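The sequence and the structure come first, and the computed description follows.

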Amino acid sequence: MLSNLSDERTILWVSTLFYCSGFAYIFICIARKRLHLSIFRLLLIGTGFILQTFALYLRGHEVKSCPLGNPFEVLQFLVWSAILLYFLVGPVFRISLLGFFCAGLAAVISMISLLVPAWDSSYELAQPASGPWIETHAATAMFSYGVFCILALTSAMFILQNFGLKEKRINIFSSLLPSIVQLDQINIRLLLTGVIVMSFSLFVGAYYWVGNGELVRLPKLLTTSSIWVAYLIILCLHRTNRLLPLKFAWYCILLFAIALISIWPVASNRTENGREIPFATSGE
């Protein structure tokens, strides 16, 4: 019984169910035309977040490092970062429907990662000599992905709001969204935050890898750098009025989709002299 309670995959399944419940609850509220969303949605999403935090803590304790060693862990950490940002960004930007989008995306990504046992494969730990640098680099890089995840969601809101205004379809859904001007400003702030966080991550990684170039795998280096450059380019284009807000929103969604695909080469960057950590994927 105790082993089942301590199984992080079981806890993550329960966490995913809470995210699904939060998404369903907000959907029902919208369908019933409730303009004021109850605090109950925060309870559901918050419970899922706490359970996911505990599960990631158990996995981190098991591998003696930040759990970012395979696609399963990376996706779970991405979901965790996005939900954390939801609790930080939601009250600041006053986006009522952000919880709806976040809970839905978190449930989908988390469930897919749990349904593919092969993604939770064994891997080799980084050498102890790496110190805190690699852990800091990896954690901040994935946190920036979480920022880009929220950016993709607010970009989707912008597109929906823009479409509703053009087609003159004003409903309760659009009434819960900020104006397109506010959403565009929110998108810029999120993109700037994500670029800054990823820049810090690359700086920390470069500081360590200057003297340890043999530990760097080319796919990871090219992938991470390319994503950073791409986000930086669209930020500059938008700030210089060379990229209209609608196209900017579409590019933010497209780049996040590419960032999700890039998780595989990023997660594959493991040292060859580390210690293999096997994981049970069947709730043993």
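## Second largest pocket

Helices α3 (40–63) and α4 (71–93) each supply at least two residues to the lining of the second largest pocket. Helix α4 gives the most to this lining, with four residues. The residues that line the pocket are Arg41, Leu42, Tyr86, Phe87, Gly90, Pro91, Arg94, Ile95 and Ser96. By class, five of them are nonpolar, two polar and two charged; Ala, Val, Leu, Ile, Met, Phe, Trp, Tyr, Cys and Pro count as nonpolar, Asp, Glu, Lys and Arg as charged, and the others, Gly among them, as polar. The volume of the pocket is about 170 Å³.

Pockets and cavities are found on a 1 Å grid over the protein atoms alone: a cavity is a set of points where a 1.4 Å probe fits but cannot get out, a pocket is an open set with protein on both sides within 12 Å along at least five of seven lines, and lining residues have an atom within 4 Å of a point. Grid points are joined across faces, edges and corners, and a volume is the space filled by probe spheres set on the points.

## Basis of the model

The model is predicted: local features need pLDDT of at least 70, side-chain atom pairs count only at pLDDT 80 or more, and totals for chains, interfaces and linings use all residues. Residues are numbered from 1 along each chain as its sequence is written, and side-chain values use heavy atoms, with hydrogens and water left out.

## Secondary structure and annotated spans

The chain has 11 helices and two strands, where helices (H or I, at least four residues) and strands (E, at least two) are DSSP runs numbered from the N terminus. Their order from the N terminus is α-α-α-α-α-β-α-α-α-α-α-α-β.

An unreviewed UniProt entry lists "transmembrane region" for residues 12–31, 38–57, 77–93, 100–119, 139–160, 190–210, 216–236 and 248–267. Such annotations may be inferred rather than shown by experiment; feature names are shortened and positions follow the numbering used here. In the model, residues 12–31 are 100% helix and 0% strand, with end C-alpha atoms 28 Å apart. Residues 100–119 are 80% helix and 0% strand, and their end C-alpha atoms lie 27 Å apart.

## Burial and nonpolar core

Of the 284 residues in the chain, 49% are buried (under 20% relative accessible area; exposed is over 50%, partly exposed in between; 1.4 Å probe, protein chains only). Thr154, in helix α6, is buried with a relative accessible area of 0%. Its C-alpha atom is 9.5 Å from that of Leu97, 57 residues apart along the chain. Ile112, in helix α5, is partly exposed at 40% relative accessibility.

The largest nonpolar core has 66 residues, of which Leu191 and Tyr231 touch the most other members. Such a core is a set of buried Ala, Val, Leu, Ile, Met, Phe, Trp, Tyr and Cys residues joined through side-chain atoms within 4.5 Å.

## Second largest cavity

The whole structure holds three cavities of 30 Å³ or more. Helices α4, α5 and α6 each give two or more residues to the lining, and α5 gives the most, with four. The lining has nine nonpolar, no polar and no charged residues.
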